[in-house]
Amino acid sequence: MVADTIHLQTSSGLVHPSVNVLGYEIVVDLPIHTLILSAIGGAFVLRYAYSWLKLLAELTIIPGINVKSFQSRKTSTWALVTGCTSGLGLEFARQLAAKKYNIVLLGRRQEALDDLAKEIESKYGVQTKTVLVDMAQAESRSTAFAQVEALGKELDFGVLINNAGVSHEMPVTFAETPLAEIDNIVQTNFLGTFHLTRVVLPFMIARSKSGPKSLILNIGSMDGRVPPTLLAVYGATKGGLSVFSKALAEEVRGQRVLVNAVTPAFVISNMSKIRKSSLTVPTAKVFVHATLTSIGLARGAQGRPYEMTPFWAHAFMDYFVSLFGYASEMAGIKIVDYVHKDLRRRVLRKRARDAAKGKQE
Ligand SMILES: NC(=O)c1ccc[n+]([C@@H]2O[C@H](COP(=O)([O-])OP(=O)(O)OC[C@H]3O[C@@H](n4cnc5c(N)ncnc54)[C@H](OP(=O)(O)O)[C@@H]3O)[C@@H](O)[C@H]2O)c1
């Protein structure tokens with residue numbers, strides 16, 4: 001059927017559109033304003049139905065890009081992982097080694113790096129290199145990243161996981177945040193990531209010209225998605241990392257380097273101080289597995305380019321924050337505010353208890 005003309009016809013004082021289909025005139029028995037409103041409503045329903053179905057499909061049947069596809073066929077490929085001495089970084093190092101990547105382990109504790117290097121080499125039969133770096137110290141960064149640059153000249157750098165990160169010692173208002181804490185967070189989360197990426201990226205662009213694609217994952221946070229009161233500086237660095245990741249992703253897309261911002265909510269780790277997993281708080285192992293099996297998918301970050309919220313429960317949280325615009329964003333801010341204030345009260349109570357105990361002993 002081909003509609004060759006659409007025109008409006010007036011009947012009983014109301015304007016009705018009619019469509020001419022192969023010589024037959026079909027009059028739509030609705031006033032034009034009702035039709036326009038229905039079309040707008042229909043477009044909204046379609047938009048939400050599409051993103052909801054895509055979210056469900058990405059969480060169940062659509063596979064991510066195979067993480068091994070960033071490996072070279074001609075030589076063994078290396079993945080660099082920052083902050084690999086605990087939590088998510090430790091798991092990224094292990095799970096990438098299990099996929100036969102050699103690993104450059106970057107961290108600030110040499111003994112822990114050496115232990116992990118031994119574990120990974122013996123368990124997965126891959127090679128490792130360790131680079132000692134305190135991301136919060138300019139001098140340490142420049143020494144360490146010069147080492148990385150030298151390594152880049154001889155090794156095939158296929159994957160970079162910018163994971164090292166630090167938050168506030170406890171939830172605190174911005175007005176009371178010590179300047180040293182602000183510096184520590186900004187240098188580790190921002191400068192560490194920017195400088196290392198600046199060193200590694202040219203090697204990736206060069207290899208991907210004629211070889212496999214390269215991958216950079218920047219570990220952000222839901223605190224960079226929903227503005228977190230009492231963790232304002234941490235949230236700002238994570239929000240900034242998300243913007244950085246997306247701008248960089250678009251810059252290097254044509255050069256076959258895939259950049260993604262990864263958005264976790266709570267995961268068991270030293271940073272979150274959560275020890276027991278639950279429906280919404282996965283172990284680092286589960287979270288990293290979800291990330292490495294959903295590369296290239298948005299999951300909860302529907303409609304946001306170059307971003308992924310890989311773990312299913314976090315994906316639903318993220319999706320619902322976006323769902324009703326201002327109302328759901330504001331609800332997210334209020335919930336986070338409540339959680340952080342409660343957390344601060346509990347930390348202060350615990351400190352007071354510990355101090356009282358100390359006095360008694
Ligand atoms: N766990 C969560 O709930 C959660 C939620 C959202 C986002 N994230 C993000 O996930 C990433 C990993 O955190 P995590 O949860 O796994 O916490 P974690 O166990 O505390 O791990 C953080 C890693 O970063 C390293 N690091 C911290 N400061 C450093 C510095 N100045 N120089 C070098 N390395 C440094 C730590 O080294 P040490 O082992 O020496 O301390 C550790 O290896 C972070 O970027 C964090 O913001 C975590």
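Biologist: Leaving aside its neighbours within four places in sequence, which residues is Lys246 in contact with?

Modeller: In this predicted model, Lys246 makes contact with Arg304, Pro305, Tyr306 and Glu307, once its neighbours within four places in sequence are set aside.

Biologist: Switching to the ligand, how many residues surround it, and which are the closest?

Modeller: The ligand is surrounded by 29 residues, and the closest are Thr85, Arg108, Asn163, Tyr234 and Ser269. By residue class, that shell divides into 13 nonpolar, 12 polar and four charged residues.

Biologist: Which atoms of Met135, Gly165 and Lys238 lie by the ligand?

Modeller: For Met135, a backbone N or O atom lies 2.8 Å from a nitrogen atom of the ligand, while for Gly165 a backbone N or O atom lies 3.5 Å from a ligand oxygen. Lys238 uses its side chain instead, where an N or O atom is 2.8 Å from an oxygen atom of the ligand.

Biologist: How much of the ligand does the protein bury?

Modeller: The protein buries 94% of the 880 Å² that the ligand exposes when taken alone, and the elements that give two or more residues to the shell around the ligand are α2 and α6.

Biologist: Back to Ser269: where is it found, and is it buried or exposed?

Modeller: Ser269 sits in the loop that runs between β9 (257–262) and α7 (284–292), and it is buried because its relative accessible area of 15% is under the 20% cut-off.

Biologist: What does Ser269 touch, and what does its side chain reach?

Modeller: Not counting residues up to four places away in sequence, Ser269 touches Gly87, Ile274 and Arg275, and its side chain reaches the backbone nitrogen of Met271 at 3.1 Å.

How values were computed
Residues numbered from 1 in each chain as written. Predicted model: local features only at pLDDT ≥ 70, side-chain atom pairs only at ≥ 80, totals over all residues. Heavy atoms only, no water. Helix = DSSP H or I, 4+ residues; strand = E, 2+ residues; numbered from the N terminus. Buried < 20%, exposed > 50% of the residue type's maximum accessible area, 1.4 Å probe, protein only. Polar contact = N/O pair within 3.5 Å; in protein donor to acceptor, adjacent residues only side chain to side chain. Contact = heavy atoms within 4.5 Å. Near = heavy atom within 4 Å. Areas by Shrake-Rupley, 256 points an atom, 1.4 Å probe, with all protein chains shown as cover. Nonpolar A, V, L, I, M, F, W, Y, C, P; charged D, E, K, R; others polar.
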